[in-house]
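Could you walk me through this structure in my viewer? I'd like to know what to select at each stop and what I'll find there.

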Amino acid sequence: MNVMAVVFGAEFVRRLTSRPFIFATLIGALGIVAIAVLPRMLGNIGGDTRRVVLAGDPALTATARSLLARDFDVTDVVRTLPAQPTTAFLDAHGKAAAAALLARDAGGLRVTAYARDPSEFRSAFARDLSPLQVALATGVPVAAVREHLTVPVDVRGVGGPFADESSAVAAKGIAYLFVFLLYLAILLNAQSIMSSVAEEKTSRIAELLVASVDPSLLLAAKILASAATGFIQLGVWILVGVLSGNAVTTMFSHGGPSAGAAMNAIGPLSVPPGEILAFIAFFLIGFVQYSVLYAAAASLINRTEDLGSVAMPLVFPVVVGFILAQLALENPHASNVVAFSEIPLLAPFVMFTRIAVSSVPAWQVVLAIVVNVAAAALFAWGAGRVYRVGLLLYGRPPSFRQVLATLRG
Amino acid sequence: MGTLVLSRVARSFGSVTAVRDVSLAVEPGTTFGLLGPNGAGKTTTMRMILGILVPDRGAVTWDGKPVDGRVRRRFGYLPEERGLYGKLKVREQIAYFGRLHGIASPDDERRADAWIERLGLGEYAARPCAELSKGNQQKVQVACAALHEPELLVLDEPFSGLDPVNAQVLLETLRSLQRGGTSLIMSSHQMWQLEDLCDAFCVIAGGTVRASGTLAQLRAGWPTRVVEVDPATDELRRVLEATPGARALPPPESGALAYEVPADADPAALLRRLVGAGDVTRFERVEPSLRDIYLRAIGEAA
């Protein structure tokens with residue numbers, strides 16, 4: 001029986017049935033549901049802050065009420081307001097968040113608002129009531145002004161992969177979700193490899209293992225098993241994402257963009273095959289790059305309590321990569337983003353994002369793959385040497401110079 | 001079955017030389033004892049035999065060929081620092097190590113069951129290893145090391161930490177492996193156990209071989225012998241004192257006369273002289289023990 005298959009099988013089962021893996025998968029799935037559902041739920045909760053009571057000339061308030069319906073729920077309309085409206089007044093008028101007094105003066109419409117939170121209202125009021133202001137100033141009926149203020153804009157894509165605005169917005173949503181999954185999967189699974197190596201070292205089973213299995217094979221089998229469970233984890237998360245996207249669209253079907261709608265777009269038919277391929281490729285590249293580094297670092301510790309301090313410097317590039325991916329979502333062709341998309345450890349996040357939201361020149365993709373595969377091989381080589389020695393090192397952790405000496409052989 | 005040969009192997013870690021120059025040969029089916037003080041280089045030597053460490057110099061061969069991964073899978077190892085997967089159940093753990101050494105399923109489980117029975121671990125077979133006592137965990141490790149019926153079993157301090165009952169179980173297990181033709185290399189500070197089990201020995205100190213061979217060969221090279229004579233009379237003491245090269249030793253508990261004499265001193269002639277001087281009720285020529293040889297080899301007074 002192939003020894004690598006034996007280690008792979010044992011590692012795969014051990015990882016798949018381990019509590020940390022099950023917890024991480026469940027918590028990740030819950031997080032995805034939260035991303036899909038919360039924005040809409042919070043949007044509904046936010047209804048309280050949009051309740052207003054209007055005061056003023058009935059001719060003005062009637063028109064304003066219809067205009068404000070776009071963003072506000074007008075709970076009551078009165079002729080006048082007290083000199084200084086109180087919260088009791090707002091409570092008495094439909095628990096409104098604000099009261100607005102509408103009046104005409106030489107400049108047209110003047111609005112004085114009394115709000116529980118004064119930081120709200122100004123821009124939305126000004127936007128919604130602007131047709132009334134123009135109507136009062138020009139004498140043109142409000143309906144006509146509204147019609148003229150609505151400019152039909154049809155945005156068509158040029159030089160990119162998207163034909164129109166909606167497909168570009170959906171692509172960004174999908175890219176964001178995929179990068180988030182990439183971030184979670186790489187971080188969780190690389191740390192899981194780290195724990196596994198640390199367990200084998202601190203429990204002193206490592207020596208028994210390396211007497212039977214070549215350390216490089218042992219490390220390779222561990223990483224393959226972790227990649228396999230990582231794909232299963234991703235599969236669960238993507239399935240949960242699609243299902244919760246559908247559920248959100250059904251539950252909150254009264255329109256408006258949402259993360260749920262973006263998730264809903266994720267399906268075998270709506271995600272381009274090239275993007276799926278890029279996701280798989282950069283997941284594997286990133287996974288190998290980080291896993292070998294985490295494994296090598298774990299082989300140097302003597303107590304599981306030291307895992308955190310060793311993991312810290314390795315979490316840093318994952319977080320940076322994730323943040324840079326957010327920049328790449330908005331500016332995929334910015335020169336610094338293009339540069340970052342070629343750099344090992346960052347490229348899995350940044351280049352994937354660029355591919356998902358823009359047309360990346362083929363040479364840049366090929367260069368990123370070549371550089372990052374080479375970097376993964378280099379990391380694996382170096383990590384293999386450190387791992388081989390580190391597993392049998394007990395006592396004081398080796399100094400940085402000793403690690404370098406190990407790398408030089 | 002093959003012959004293991006180490007030819008002038010050396011290994012350093014940075015500025016520290018763990019093994020300076022070690023050569024030894026383990027014949028097929030024999031048991032070889034590796035002796036030495038802490039830090040002598042025994043564990044490093046064992047790790048080089050198993051390919052865990054690569055020698056800086058010299059060679060390790062099995063039947064005249066370098067020890068590669070394929071050969072190594074026919075070896076077994078019980079390291080000094082014991083370790084098991086704490087959450088893995090006893091039966092699964094033993095079977096897993098069997099598979100790592102090429103025992104395919106379902107033979108791995110069948111053999112695991114046989115070892116569990118043999119070592120009296122039946123009631124723990126389905127329990128995670130972390131729940132077992134230290135002694136029982138050690139038994140599990142022995143099973144892990146020997147399940148695949150290795151041609152060579154390397155045991156680093158196999159008796160350390162074992163209570164007398166478990167030590168006896170291990171001793172019997174090792175004897176059974178010897179009968180089965182497995183070559184054994186073991187280190188131990190329990191001299192009597194090594195003397196009882198081993199066919200040949202190698203004393204290592206400071207990373208070099210200080211003495212090696214069978215016990216008879218090691219004794220043959222010992223320069224003196226101890227003679228004990230009863231009763232402790234002045235006449236007999238005078239004869240012993242007059243023997244060239246003789247040196248009085250502290251008397252044993254029995255109160256007999258004890259003298260160290262040159263190894264080449266003729267015992268029959270000495271006995272004749274003693275009998276001529278007075279009544280002799282006991283005359284015993286004591287061979288040096290392994291402990292004596294060990295202490296002398298590493299530079300301590302015997």
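Happy to. Start by selecting Met194(A), Ala295(A), Val350(A), Phe352(A), Ile94(B), Val154(B) and Ile185(B): these residues have the most contacts inside the largest nonpolar core, which counts 152 residues. Next, highlight helix 7 of chain A, residues 165–202; with 16 residues, this helix gives the most to that core. Another core, of 20 residues, lies apart from it, and you can find it by picking Val52(A), Ala55(A), Ala64(A) and Tyr114(A), which are among its members.

Keep in mind that this is a predicted model, with an ipTM of 0.77 and a pTM of 0.74. For chain B, the mean pLDDT is 90, and 99% of the residues reach 70 or more.

Now zoom in on Val350(A). Beyond its neighbours within four places in sequence, Val350(A) is in contact with Gly321(A), Leu324(A), Ala325(A), Ala328(A), Val337(A), Phe340(A) and Ser341(A).

Then move to chain B and colour its two domains: domain 1 covers 4–218 and domain 2 covers 219–297. Their C-alpha centres are 39 Å apart. Where they touch, domain 1 of chain B supplies 13 residues and domain 2 of chain B supplies 9.

To see the domain 1 side of this contact, select helix 7 (191–197), strand 9 (200–205), strand 10 (208–213) and helix 8 (215–220) of chain B, the elements that each give two or more residues to it. Helix 8 of chain B has the largest share, 4 residues. Finally, colour this side by residue type: you will find 10 nonpolar, 1 polar and 2 charged residues.

Terms used. Residues are numbered from 1 along each chain as its sequence is written. Chains are lettered from A and ligands numbered from 1 in the order in which they are written. This is a predicted model: local features need pLDDT of at least 70, side-chain atom pairs count only at pLDDT 80 or more; totals for chains, interfaces and linings use all residues. pLDDT is the predictor's confidence in each residue, from 0 to 100. A nonpolar core is a set of buried Ala, Val, Leu, Ile, Met, Phe, Trp, Tyr and Cys residues joined through C-beta atoms within 7 Å. A residue is buried if 20 or more other C-beta atoms lie within 10 Å of its own, exposed if 12 or fewer, and partly exposed in between; C-beta atoms are placed from the backbone. Two residues are in contact if their C-beta atoms, placed from the backbone, lie within 7 Å. Domain bounds come from an automatic or database domain assignment. Ala, Val, Leu, Ile, Met, Phe, Trp, Tyr, Cys and Pro count as nonpolar, Asp, Glu, Lys and Arg as charged, and the others, Gly among them, as polar.
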